[in-house]
Amino acid sequence: MREWLDRATDTWAPPTAKDTAGPFRFLFWLTRSQARRISAGALLGTVWMVGLTVPPWVLSRAVDEGLVGRDPAALVRWALILLGVTVLLALLAIARHRTMTKVRMDASFRSVRATVWHTSRLGASLARRMSAGEIVTVGINDVHTVAMALTVTGPGVGAVVAYVVVAVILFTTSPLLAAVVLAGVPVLVVAVGPFLHRIERTGGEYRVHQGRLTTRLVDVLAGLRVLNGLGGKQFVADRYGEQSQRLVRRGYQVAGPASWVGALSTGLPALFLAAVVWLSARMAATGAITIGDVVAVYGYVAVLVVPVSMFIEGGGDIARARVAGQRIIDLLNLPVARDTEQSGVPLPQGSGPLIDPESGVVVRPGLLTALVAARPGDTLAVVERLGQLTDADVTWADVRLDEVGRAELRSRLVVADNDAEVFAGTVREIVAGRLEPDDDRIHAALQVAVAEDVVEALPDGLDALIAAGGSDLSGGQRQRIRLARAVYAAPDVLVAVDPTSAVDANTEAAMIDRLREARCGTTTVLTTMSPLVLDRADEVIVLVDGKMSAAGKHVELLQTDPSYRELVSRAQDGR
């Protein structure tokens with residue numbers, strides 16, 4: 001049985017556009033994705049909650065037949081039946097809880113997988129569209145909140161069925177009691193509804209400010225060394241403290257209605273129970289029902305405390321999940337510049353040429369091309385278009401890159417920038433990336449990037465562990481490891497953003513000479529301001545205001561282009 005239920009997690013498919021049309025559609029996708037397990041949870045929850053009505057009935061029989069009828073054998077018989085029913089209900093409760101825990105975990109992991117899948121499709125464009133703090137908050141808080149809301153699919157369904165069953169049972173005892181019970185839940189909804197609406201409204205505002213504060217925390221941690229050097233750590237800490245206190249005050253605005261919902265989920269059912277018991281006692285005093293019926297009615301209404309509390313708590317969970325779900329689908333609905341995964345127009349053989357109509361840049365195949373501009377943003381914009389990190393009409397030998405399958409494009413064109421993530425792992429794993437590691441090729445890539453000394457300095461060589469973000473490496477070491485990873489991928493076209501900016505002149509010269517030799521016959525595009533790199537490039541393309549103004553050899557441009565000469569002179573003076 002357990003294996004049959006767990007089979008629901010063997011396959012995974014990303015949510016469609018319809019599934020992310022709204023928070024409730026996303027919740028339905030999570031529910032539909034594990035239909036077997038949720039059906040089992042609903043069945044167990046229903047049987048358990050309906051089963052809670054059995055002990056009061058058994059107890060009433062024990063009172064009427066055993067105590068009132070003075071029959072010890074009947075009393076013992078019904079007592080043993082009550083014991084057996086109690087044990088069975090305990091086993092059902094355990095099975096229900098285990099199943100619903102798996103439902104919540106599956107929903108949580110499924111949501112995380114969906115967000116990771118989509119963020120990988122967004123690539124480098126994600127940083128421009130959503131802050132790091134917002135993404136962290138989505139992956140931690142929102143995913144958990146949405147998963148908790150799926151509790152209503154188990155005990156929530158059981159609560160509805162149990163409520164109807166108790167009402168029917170009470171109707172056979174007294175239509176008046178049944179009418180009171182049926183009228184009770186609408187009254188509770190009216191009492192709790194305004195608080196749920198306020199939770200949804202204030203929770204949305206709190207969630208926005210929470211994401212902003214998390215973003216600031218991520219920025220502070222990333223720049224902690226710089227802050228220490230500038231002496232601004234205390235100022236930033238004080239400002240962060242002030243913003244934290246403002247968030248706390250907003251949290252109180254959410255906690256107020258949430259605490260009222262919690263209090264009402266306990267208090268209102270108790271008042272409801274007291275009212276029904278008082279009414280049943282009055283009816284027993286007039287002889288309308290028996291003493292056993294009073295005991296049974298008390299038990300039935302006490303049982304109703306569970307589903308009624310579940311109604312209220314489930315309403316609060318759904319209100320919070322609506323806010324959290326909206327933040328998740330806001331991320332999932334961020335448009336992808338290119339939406340072709342495996343299929344698409346095939347790329348032609350060779351390595352170009354690459355043409356960017358917007359800037360006029362033409363990257364000729366098989367050359368080491370350098371892009372240079374007075375404003376670094378101009379060269380970065382060209383790189384983003386060449387690498388399809390943003391919408392662009394770039395062509396590769398007359399084939400539009402936005403029509404090429406993503407898998408093929410990423411295997412044949414690699415963009416390497418200095419912000420590329422260095423994940424925690426061994427040197428071997430980091431350099432190999434998504435490819436199968438080959439020690440000989442890894443050593444060759446490290447040699448091209450002049451990173452042999454980095455590995456030699458580590459105690460375990462290629463098996464040495466590198467911390468997340470390469471935090472245990474210097475800036476120059478991280479830059480060389482990143483370049484080695486790009487070289488190992490062996491793409492037809494390599495686009496590198498200022499790959500030598502953090503190394504000294506001797507290392508820089510060695511890196512460019514080795515890179516040029518290793519990638520002979522393939523296309524390499526570098527953005528740089530370094531005269532040393534420009535001198536070694538096969539072709540230099542000069543950008544002015546985002547447009548190509550000149551192209552040629554470094555020496556030729558120095559002689560023919562005064563603006564280029566001035567640009568190189570300023571860069572040389574800056575070094």
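1. **Contacts around L347.** Two residues are in contact when they have heavy atoms within 4.5 Å of each other. By that rule, in this predicted model, L347 touches W396, L401, V404, E408, L409 and R412, leaving aside residues up to four places away in sequence. L347 itself lies in a loop, the one between α12 (291-332) and β1 (354-356). Its relative accessibility is 7%, and the limit for buried is under 20%, so L347 counts as buried. Look also at D398. It is 51 residues from L347 along the chain, yet the two C-alpha atoms are separated by 9.6 Å.

2. **The chain as a whole.** The chain has 575 residues, and 47% of them are buried. Its secondary structure comes to 22 helices and 12 strands. Now take the contacts with a separation of 6 or more. Of these, 77% join residues 24 or more positions apart.

3. Strands of a sheet pair through backbone hydrogen bonds, either parallel or antiparallel. Here six strands form an open sheet with mixed pairing, in the order β6-β9-β10-β3-β11-β12. Which strands stand at the edges? They are β6 (413-416) and β12 (547-552). Each has a single partner strand, so one side of each has no neighbour in the sheet. From one strand to the next, the twist averages 20°.

4. **Parallel pairs in that sheet.** β6 pairs with β9 (residues 493-497) in the parallel sense, over four bridges. One place to look is L413, whose bridge partner in β9 is V493. Next, β9 runs parallel to β10, and five bridges join them. V495 has V525 in β10 as its bridge partner. Then comes β3 with β10, again in the parallel sense, over four bridges. In this pair, L371 stands opposite T527 of β10.

5. **Strand β10.** How many of the residues of β10 are buried? Five of its five are, and the strand is mostly covered. T523, V525 and T527 point one way from β10. T524 and L526 point the other way. Residues of both groups are buried.

6. **The four-stranded sheet.** Another open sheet has four strands, in the order β2-β1-β4-β5, with antiparallel pairing. Its edge strands are β2 (361-363) and β5, and each pairs on one side only. Three bridges hold the antiparallel pair of β1 and β2. D356 has V361 in β2 as its bridge partner. Helix α13 turns up here too. It lies across β1 and β2, running at about 125° to β1.

7. **The cavity.** The structure holds one cavity of 30 Å³ or more. About 60 Å³ of space lies in the largest cavity. Its lining is made of A416, D417, N418, Q479, R482, L483, A496, V497 and P499. Two elements give two or more residues each to this lining: α18 (475-489) and β9. Which of the elements gives the most? It is α18, with three residues. By type, the lining divides into five nonpolar, two polar and two charged residues.

8. **Two residues to check.** Most residues other than glycine have a negative phi. A397 goes against this pattern, with a positive phi of about 50° although it is not a glycine. A397 is found in the loop between β4 (395-396) and β5 (399-400). Is A397 buried, exposed or in between? Its relative accessible area is 28%; buried needs under 20% and exposed needs over 50%, so A397 is partly exposed. A490 also has a positive phi of about 50°, and A490 is not a glycine either. A490 sits in the loop between α18 and β9.

Methods
Residues numbered from 1 in each chain as written. Predicted model: local features only at pLDDT ≥ 70, side-chain atom pairs only at ≥ 80, totals over all residues. Heavy atoms only, no water. Pairing = 2+ DSSP bridges. Axes fitted to C-alpha atoms, helices over the stretch in contact; angles between N-to-C directions. 1 Å grid on protein atoms, 1.4 Å probe; cavity = no way out; pocket = protein on both sides within 12 Å on 5 of 7 lines; lining within 4 Å. Points joined across faces, edges and corners; volume = space filled by probe spheres on them. Nonpolar A, V, L, I, M, F, W, Y, C, P; charged D, E, K, R; others polar. Buried < 20%, exposed > 50% of the residue type's maximum accessible area, 1.4 Å probe, protein only.
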